[in-house]
Structures are given as structure tokens and as C-alpha cells.
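Hello,

Here is the structure I promised to pass on to you. Please open it alongside this message, and I will walk you through what I found.

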Amino acid sequence: MTDHYDAVVIGSGAGGGTLARTLAMSGKRILLLERGNFLPRELCNWQPLQVLNAGRYVSQDAWYDAAGNPFEPRVHYFVGGATKLYGAALGRLRPADFGEIVHMDGVSPAWPLGYEEFESWYAKAEWLYQVRGLHGEDPSEGSWSEEYPWPPISHEPLIQQIADDLDRAGYNPFHIPRGIMLNEANPPTSLCIRCGRCDGYPCLVHAKADADIIAVRPLLSRLNVTLLVNAEVRRLETDPRGRSVTKVIVHRGAVREEYSGDIVVLAAGAVNSARVLLQSASDRHPAGLANGSGQVGRNYMCHNVTDVVAAGEKPNETVFQQTLGINSFYLANDPRRVSYPAGNSRRGPLGSIQMLPRAGQPADPPDINDRTVGFRLTTEDLPRPDNRVTIERDGRPRLAYAATNGGEAAILRRELETMLGHADLRVAAGETFPAPGLPGDAIADQAGTCRFGTDPETSVLDVTCKAHDLDNLYVADASFLPSVGAVGPALTVMANAIRVGEHLLHRLR
């Protein structure tokens, strides 16, 4: 096996897997390194006691919190990365998310490029990941150059009734864009049977459009692509000038291996990408690789999430529930907002509302049996320098984090209560599950530890996601995000990976 490649890609998730697929079509020699293995296809994939209670697919990794106490981060290391257990909700950020937004707790910074510049890669990612949706349903959405490749997943009867009620009340419900592969799009080996177990579960029938199924497996028959599993990257080493990465140090079990590439792309997840860079400190880079700005590991973000259970009069027989979304409270100054804290007249952005999957919904209160529906409220988390990743002496990451925008999350919950009244639903007493408490729950949607920008003093990467301090190192996971908006980052990471991959194709030529 050769140890030098045109490109070495570290991580096979939404960023690394998508970028590898973009590069592979050129015929260039690509090495794809994945810390885990293929997630086994087994009946346990859909068993709640195994997946949710026993944590069958959770890594045994241990991190530290701000006080130095170890915790299990509940991350997943498999080919396909975090997408193996994501909900396949693949929405775009709003155009406003690319600019500066003032929130209760501070400012969400502007990106170094605008939505219109980024839009074409959104369209490419939607087609690659076979997203089902309908552009134009959501008034907060930006422009689009192509319609989705497939129509949206239809609402089941009760959800359709809720959508109709909310539409009449002026809330503009829309079908959540999802990467789910139904009959007309795929062969019989990949058919969604609408089991309702997308979010938090692996897909037993391989009908979820994750990075493993969509991006990586189609590459395995190509002679120019090498995938190594159970390959954990420990550090990167540079030439004597400290300008180019010349060695990728990999541990596969007890065996230490070295690889090199003309281009090295880091896409190990926001925490682990920062971890690798910080572990790669040297005489030329004493604070860590690519860390001349001191920003590596800083500005960690996730999302401020609240799950709410509501009850109605009719039994809920829905199986695939997570088809309905509401963005009426996403942008500032929406006239539909009616509930505010005393003395607060500023109508700032609040966030998004989506249906919870039935399989992931908290248990129904016994007095209302099976008449409940679940909603997930997502509010933007802000980048704070002190929300950061550092490394301990044993090489494990330490995560210091405090959530932001809790006030906006509380207002959004009150807006939900008002909205639900139009659909003859009420919030079930005691059935609110607030923003995740550290340490373990603040890992979903991790982002921001190597943000891109035009100023090397305040960012880690340039606009192409190349490290300011190095000539051949790129970062292509959610680390690059300067802000996270109030939708899941998966589609944005996939779109950016295609964008960076196309840039690298030109460079490699």
C-alpha cells in the first residue's frame, strides 16, 4: 500500500465523506481515514432498548468538562460519521444567517461570503443527498436555483390536519426537507418503510441518505480511492519551515502508521478536528497547528434545544411524524408574534419549530395516553471565545461550554403554546425538556472551533477553508462555521464540502 496520495481526507462524515466523493471523480489518488468501522446492519438498529437505553452505537470515548471531570460525550465513530444516526433533516440556513444578527445574548457574526454566493452548492448537496422537499413553502427561505430532486414526504392524517389549522392561522407550515429514499428513487435494497426511526437510529434498510450510503460506499470500487477504517489520526507533522503538512500520524490499534498527501483535509468533527490541531503543536507551531490566531478550539457552538410534548383530543396514530416545520419565528420582526416578556418590545429572531419523531418522543403522560405529539424548538447558539476545546495531558479533549440565548428559547416556547391553540393542542403539563445540560448533551450539532474568515487574526481558515498558516491543510467539517443559525448544520456542511472539493480539484490539476 502506498503511503503518499494526492489527497488525504480525515473523517468520512458529512464533510469528509462528501468531499472525498467530490475529489474521487477526478481520478486523483485519495486516502480516506475513518476512526471507526462500518456500523453493523442488524436488528438492533431499530430496537429502542439497544439504541437509546443501552447506547449500543455510542463510542466509549471519554472527554472532560470545564471542571476537569470526565464524561461520556455520546459520539458515534462510524463510516459516515454522525450522519449514521442523524434525522436526515437537510434544511438550508436562511439568507439572514449569512449576515450579522443581533440576539438577546449578543451578536451572531457575518460570514465572509453571502447566501447568493453559497446557494449553488446547496442545490448540488440537495441533489447528491436526494433531498425530498418543496422550495417556496417557507417564506423565510432564500432563493433557489433548482427544485428539490424529489417531492416532499407527505404528512400523515393527523399531521396534515395540524398543518391545515396552522396554515389557516397564518403560520406558514412547510414540509421539512429530508434525505429519505423512497420507492421511486431507489432499488429494492434501499426502501424507506416510514418506520419513524430516523432521528437517533441507524437505518436498517439503508434508506436514509447518510454520508456512508451516499458518498463513501459508491467509492469503494474505485481503484483511486483507499478507505482505512479503525484509523485514528493522532497528529499532523510539518516540513521544517512549518508551512506544509508532510505526515499524517495514524494509530490502527497498537500499530502506528504514517501517510502523506499533497493536500490534507481535516473533517473529524468540531471537537476532534480542534483536538488534532492542538495535539500537533511543534516548535514552529507552539500553540497548535494552524493556531497562529489563537482561535483553534474557540467559539464552540451547538444549538439551544427544547423538546415539548403537546396533547390533543384525537389519538395520534402517526408513524412518520417528523414532516412538519414552522419558521414563522425564525427572523426578526415577524408580526405574528404576540407573547413577550414584560418590557421587551424588541422582536428579535427566536428560532425554528419541527415535529419530533414518534420513536424519539418522550414517554406520554399516563393521563393522556396516546394523544400526544412532540415538537422540537431550536434557537441559535452564539460563538463565545470561552466556549472552547482544549486538550488535557492524556490527549483527551476538554470542553468548556455555557449555552446562550436561553431567553429567546423561553419566548419561542411561549409562542409555541399560542400557536398550538390554533390546532386544538395544549402543552402537556410537565412535559418540557429544556436545553441540553452539559456535559453529554451539548455534543449534537457541534460547530465553530476552526471558523473561516478573511482576517488571519480572528479566524483559523480562509474563505476556501485552507488554514491561514499552512499551504496544504484544509478543514471541511462544521468547524468552519462562524455561526450555526437555528437549523441543523448537516446540509450546510455537505454543501461546503462540495465547494471546497471543487476548489481542490482546480488546485490538484
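How many bridges join strand β1 (residues 4–10) to β2, and do the two run parallel or antiparallel? There are four bridges, and the strands run parallel. Before going further, please keep in mind that this is a predicted model.

One of the residue pairs here is Ile10, which stands opposite Leu33 in β2. Helix α1 (residues 16–24) belongs to this part as well: together with β1 and β2, helix α1 makes a right-handed β-α-β unit.

β2 (residues 30–33) also pairs with strand β8 (residues 225–228), again in the parallel sense and over four bridges.

Now to another sheet for you to look at. Four strands form an open sheet with mixed pairing, in the order β4-β3-β17-β16. β4 (70–71) and β16 (388–391) are at the edges with a single partner strand each, so one side of each has no neighbour in the sheet. The partner of β16 is β17 (residues 397–400): four bridges join the two, which run antiparallel. Among the residues involved, Thr390 has Arg398 in β17 as its bridge partner.

Helix α6 (residues 270–279) packs on this sheet, where α6 touches β3 (63–65), β16 and β17. The direction of α6 makes about 45 degrees with that of β16.

Enjoy exploring!

Best wishes

How values were computed:
Residues numbered from 1 in each chain as written. Predicted model: local features only at pLDDT ≥ 70, side-chain atom pairs only at ≥ 80, totals over all residues. Heavy atoms only, no water. Pairing = 2+ DSSP bridges. Contact = heavy atoms within 4.5 Å. Axes fitted to C-alpha atoms, helices over the stretch in contact; angles between N-to-C directions. Right-handed = clockwise from strand over helix to strand, strands pointing away.
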